[in-house]
Amino acid sequence: MLEISGISKTFHSGTPNEVRALQQVDLSIEDGSFVVVIGTNGSGKSTLLNAVAGTFIVDTGTIHLAGHDVTHWPEHRRAQLIGRVFQNPFSGTAPDMSIAENLALAARRGQSRGLGWALRGDFRSVMSERVRCLGLGLESRIDNAIGTLSGGQRQALTLLMATWLRPQMLLLDEHTAALDPKSADQVVRLSREVIERDHLTAMMVTHSMQQAASLGDRLVMMHRGRIIHDFRGAEKRRLRPADLLARFEEVRRGEQLDESAAELLRRAYI
Amino acid sequence: MTLLLGALTIGLILSLLALGVFISFRIFSFPDITADGSVTLGASVTAILLVNGVHPLLATGAGFCAGMLAGALTGILHTRFKINGLLSGILVMTALYSVNLHVMGKSNLPLLSTRTLATEAEGLATFVLGGTTEIGVLGWEVSPRDAAVLILVFAAIVVAAGLLYAFFRTNLGTAMRATGNNDQMIRALGVNVGNMIVLGLAVSNGLIALAGSLLAQYQGFADVQMGIGMVVWGLASVIIGEALVGTQQLGLVIAGAVMGSVLFRLLIAIALRAGLNPNDLKLITAGFVFLALILPNLLGTLRRRRAEA
């Protein structure tokens, strides 16, 4: 489904602020797999998602998605294959437009947009039904502006929008990080439901060890722009938040020797 | 009465300008100065075609299309060449000044003995009324020409505003509004944001050029200076309109822009009648827009202070 091979991305190249966000990352995701990505701050986990989404074009390497070489596709073109939910609840919806209009926009994700009416009668009934399925009671407020909704409600709607047309790939970028615990649980539940119901292939970045341990069938741990662990199957199922924290502790201890010192030691002793 | 009719007619004509400015400023939050040039562009293209005997409807349509091209050019400078939005508009506006002079061949082109939409309207009125020279409206005597022009302009504005409203409810128009509202979101839904901005500015400047074209035909000349300060006029109309309707609802906002333009023009006519020096007009307009822009913030601060006290 998704085939990432040898991608690298360096931001602010050649300046003192140079960040090597991705370094030769390889990742292959099978159809229907739900991959959770965790990592320390600045490890490149969101950058990896953005590379797939096309927010920027990678420096090296290739990205294949659903049989297309999307490496050089602009973001809006990749949108026909990809559904996204952002970290910021304000990013995924148009606040001054109504719930109905936002959904109508999502219903044509990646398709041509002509002079047909955006909100037709038959679409409205489908829409209320699917909004009711969210269980947030928003079906009666379908003509209200999104700006009047809470962060949790917006994220739930963004999720509905991202999956309105079945995406080849669903990208969730820390989509519960900005929510209160109750809303976060709700959005996680909805995410899990839609992924299971539609058998979606998904990638989710998270900071929550709890989510990382309980969600998905595969877990990828990133550090300094590389993938350092890849847990699958039974190994993934056995993982507990404590195990993940232990792995992070391991990484942290390794960090205490800085890279040049490590290089020196390696030369001296190996 | 003639004064009032004139103010109404010009206010209605310039409501097309207000609608154009509404698209660029309010929908895209794009400070599009191209308007100053495209008002004149619409006027000059229409005027030169009329002088050369082209049918008024065709000439007006050509003015509209010329404006669309100008707007698209600004959009392309901004989206393809990554030039700052304000600067893109300034570049095109500046270039249009020379273009307009070339189109007209001189700085002022009179349309006095030419067939225009205004003379067509007059012809229509004579045909309907059979040569009456004065008609009574609510006890006032008005010339059939003024009345006919006003009615036709009103009809044209209703059609234009209706079309615009309908357009913004289509799939394409909804995507365009979303582009201005949240470009990150609409990109993630597969819309090419650059193309939307180019198209939006084209429609915006098309309407603005149409305003220029109609204005030239109404006042009987096109002048290379006639566009100066028009952006601020349009903005003033949009702001008054928003204050009048007090909502974000699309249909009402569009109607508000039209009403704002008419009201603004009436206020100016009254002020001029009361002895305002015409030279001060632009200064006062700019001052008014300045006040309208800072007033919401100012009121908010005052209210907060009062709440704290």
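Predicted model: local features only at pLDDT ≥ 70, side-chain atom pairs only at ≥ 80, totals over all residues.
Both faces of strand E3(A) are covered: A:Phe34, A:Val36 and A:Ile38 are buried on one side, and A:Val35, A:Val37 and A:Gly39 are buried on the other. In a regular strand, side chains point in turn to one face of the sheet and then to the other.

E3(A) has a partner strand in E8(A), residues 202-205, with which it pairs in the parallel sense over 4 bridges. Within this pair, A:Val35 stands opposite A:Met203. E3(A) also pairs with strand E9(A), residues 218-223, again in the parallel sense, over 5 bridges. Here A:Gly39 has A:Met222 as its bridge partner.

These pairings belong to an open sheet of 6 strands in chain A, ordered E6-E7-E8-E3-E9-E10, in which the pairing is mixed. Strands E6(A) (82-85) and E10(A) (226-232) stand at the edges; each has a single partner strand, so one side of each is left without a neighbour in the sheet. From one strand to the next, the twist averages 20°. Helix H1(A), residues 45-53, lies across E3, E6, E7, E8 and E9 of chain A. The helix runs at about 145° to E7(A), the strand of residues 169-173.

A further open sheet in chain A is formed by 4 strands in the order E2-E1-E4-E5, with antiparallel pairing. Its edges are E2(A) (19-29) and E5(A), each with a single partner strand, so one side of each lacks a neighbour in the sheet. H1(A) packs on this sheet as well, touching E1, E2 and E4 of chain A, and its direction makes about 65° with that of E2(A). Strand E4(A), residues 60-65, pairs with E5(A) in the antiparallel sense over 2 bridges. In E5(A), A:Asp69 is the bridge partner of A:His64.

A:His64 also takes part in a contact with A:Glu3. A:Glu3 is located in strand E1(A), residues 2-11. When neighbours within four places in sequence are left aside, A:Glu3 is in contact with A:Ser28 and A:His64. A:Glu3 is partly exposed, with 15 other C-beta atoms within 10 Å. A:Glu3 and A:Glu101 are 98 residues apart along the chain, and their C-alpha atoms are separated by 34 Å.

A:His72 lies in the loop between strand E5(A) (68-69) and helix H2(A) (75-78). With 11 other C-beta atoms within 10 Å, A:His72 is exposed. From A:His72 to A:Ala184 the separation is 112 residues in sequence and 34 Å in space, C-alpha to C-alpha.

In chain B, helix H6(B) consists of 24 residues, 144-167. At 1.5 Å a residue, H6(B) should span 34 Å, and its end C-alpha atoms are 34 Å apart, which agrees. The buried residues in H6(B) are B:Pro144, B:Asp146, B:Ala148, B:Val149, B:Val153, B:Ile157, B:Ala161 and B:Leu164. An α-helix has 3.6 residues a turn, so residues three or four places apart point the same way.

The contact between the two chains takes 25 residues from chain A and 20 residues from chain B. On the chain B side, helices H7(B) (171-181) and H8(B) (183-188) each supply at least two residues. H7(B) provides the largest share of that side, 7 residues. By residue class, the side of chain B that touches chain A divides into 8 nonpolar, 9 polar and 3 charged residues. For the complex, the predictor gives an ipTM of 0.87 and a pTM of 0.89.

Chain B has an average pLDDT of 91, and 96% of its residues score at least 70. Among the elements of chain B, helix H3(B), residues 56-79, has the highest mean pLDDT, at 97, whereas strand E2(B), residues 135-137, has the lowest, at 67.

Definitions and conventions:
Residues numbered from 1 in each chain as written. Chains lettered and ligands numbered in written order. Contact = placed C-beta atoms within 7 Å. Nonpolar A, V, L, I, M, F, W, Y, C, P; charged D, E, K, R; others polar. pLDDT = per-residue confidence, 0-100. Buried ≥ 20, exposed ≤ 12 C-beta atoms within 10 Å, placed from the backbone. Pairing = 2+ DSSP bridges. Axes fitted to C-alpha atoms, helices over the stretch in contact; angles between N-to-C directions. Expected span 1.5 Å × (residues − 1).
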